[in-house]
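Subject: Structure handover

Hello,

Here is the structure you will be taking over. Please look at it first; my notes on what was found follow below.

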Amino acid sequence: MPNLFQKLAGVENVAAIIETRLGLPQRRTLLFRHQSLNTARTASTIEDFLVVPRPYITSAPPRLIGLLLGNDETAVSVSAADIYVELARTVPYDRFVRADGKRAIAFVDVETNSADSAPVYSNEITKALTASMSCRILHIDDKDDTLWKLVLRRDKD
């Protein structure tokens with residue numbers, strides 16, 4: 001039996017679907033990628049997860065700019081160039097962080113097929129994405145019971 005917060009997360013999900021259909025520009029595509037090395041085959045295993053419906057993605061809000069994330073030695077300051085993401089709690093936590101503690105790589109503005117249900121790869125074997133911006137997850141805020149709030153930082157080329 002779903003509790004109240006799960007029902008509210010479902011309502012948030014429906015609102016995201018409606019906003020995406022209306023063409024809200026802040027609703028952008030987001031893909032999470034877990035990559036691990038398979039020692040038996042000496043090859044890497046890539047697992048992609050496209051967030052559907054599209055999450056709300058903007059630049060970092062002014063209230064977060066300058067905020068230190070992490071402990072004292074490894075603290076990172078949020079800058080205006082960082083990306084802020086809100087997505088419904090219908091997406092499981094293990095899509096961001098695996099059980100072994102490794103965080104996923106996030107790709108913003110991934111090109112998708114016409115049904116918006118799968119990413120378009122420039123090379124199907126290596127799963128190289130066509131036009132996207134790779135980011136790393138700086139912070140996952142879990143204080144809201146209906147939304148995940150993420151802060152992403154663009155990877156340097």
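Please keep in mind that this is a predicted model.

I start with Phe-5. Its relative accessible area is 38%, so Phe-5 counts as partly exposed. The residue sits in helix H1, which covers residues 4–22. Together with Leu-4 and Leu-8, Phe-5 makes a nonpolar surface patch of about 280 Å².

Next, the largest pocket. The space in the largest pocket comes to about 150 Å³. Two elements give two or more residues to its lining: strand E10 (133–141) and strand E11 (147–154). The largest share, three residues, comes from E11. The residues lining the largest pocket include Arg-63, Leu-64, Leu-67, Val-78, Tyr-84, His-139, Asp-141, Lys-149 and Val-151. Sorted by class, the lining has seven nonpolar residues, four charged ones and one polar one.

The rest of my notes concern salt bridges, of which the structure holds eight. Three of them are described here.

Arg-28 and Asp-109 form a salt bridge in which the closest N and O atoms are 2.9 Å apart. Arg-28 lies in the loop between H1 and strand E1 (30–38), and Asp-109 lies in the loop between strand E7 (105–108) and strand E8 (121–123), so this pair ties together parts that are 81 residues apart in sequence. Buried would mean under 20% relative accessible area. Arg-28 has a relative accessible area of 21% and is therefore partly exposed. Asp-109 is also partly exposed, at 34% relative accessibility.

Which side chain does Glu-47 meet in a salt bridge? The partner is Arg-95, with an N to O distance of 3.6 Å. This pair, too, links distant parts of the chain: Glu-47 is in strand E2 (residues 43–50) and Arg-95 is in the loop between strand E6 (83–88) and E7, 48 residues apart. Glu-47 counts as partly exposed at 44% relative accessibility, and Arg-95 is partly exposed with a relative accessible area of 26%.

Is Asp-100 buried or exposed? The cut-off for exposed is over 50%. Asp-100 has a relative accessible area of 53%, so Asp-100 is exposed.

Regards

Technical notes: Residues are numbered from 1 along each chain as its sequence is written. This is a predicted model: local features need pLDDT of at least 70, side-chain atom pairs count only at pLDDT 80 or more; totals for chains, interfaces and linings use all residues. Side-chain values use heavy atoms; hydrogens and water are left out. Patches are made of residues with over 30% relative accessible area and no salt bridge: like charges are joined within 9 Å, nonpolar side chains (Val, Leu, Ile, Met, Phe, Trp, Tyr) within 5 Å. Accessible areas come from the Shrake-Rupley method with a 1.4 Å probe; for residues, only the protein chains shown count as cover. A salt bridge is a side-chain nitrogen of Lys or Arg within 4 Å of a carboxyl oxygen of Asp or Glu. Helices (H or I, at least four residues) and strands (E, at least two) are DSSP runs, numbered from the N terminus. Buried means under 20% relative accessible area, exposed over 50%, partly exposed in between (1.4 Å probe, protein chains only). On a 1 Å grid over the protein atoms alone, a cavity is a set of points where a 1.4 Å probe fits but cannot get out, and a pocket is an open set with protein on both sides within 12 Å along at least five of seven lines; lining residues have an atom within 4 Å of a point. Grid points are joined across faces, edges and corners, and a volume is the space filled by probe spheres set on the points. Ala, Val, Leu, Ile, Met, Phe, Trp, Tyr, Cys and Pro count as nonpolar, Asp, Glu, Lys and Arg as charged, and the others, Gly among them, as polar.
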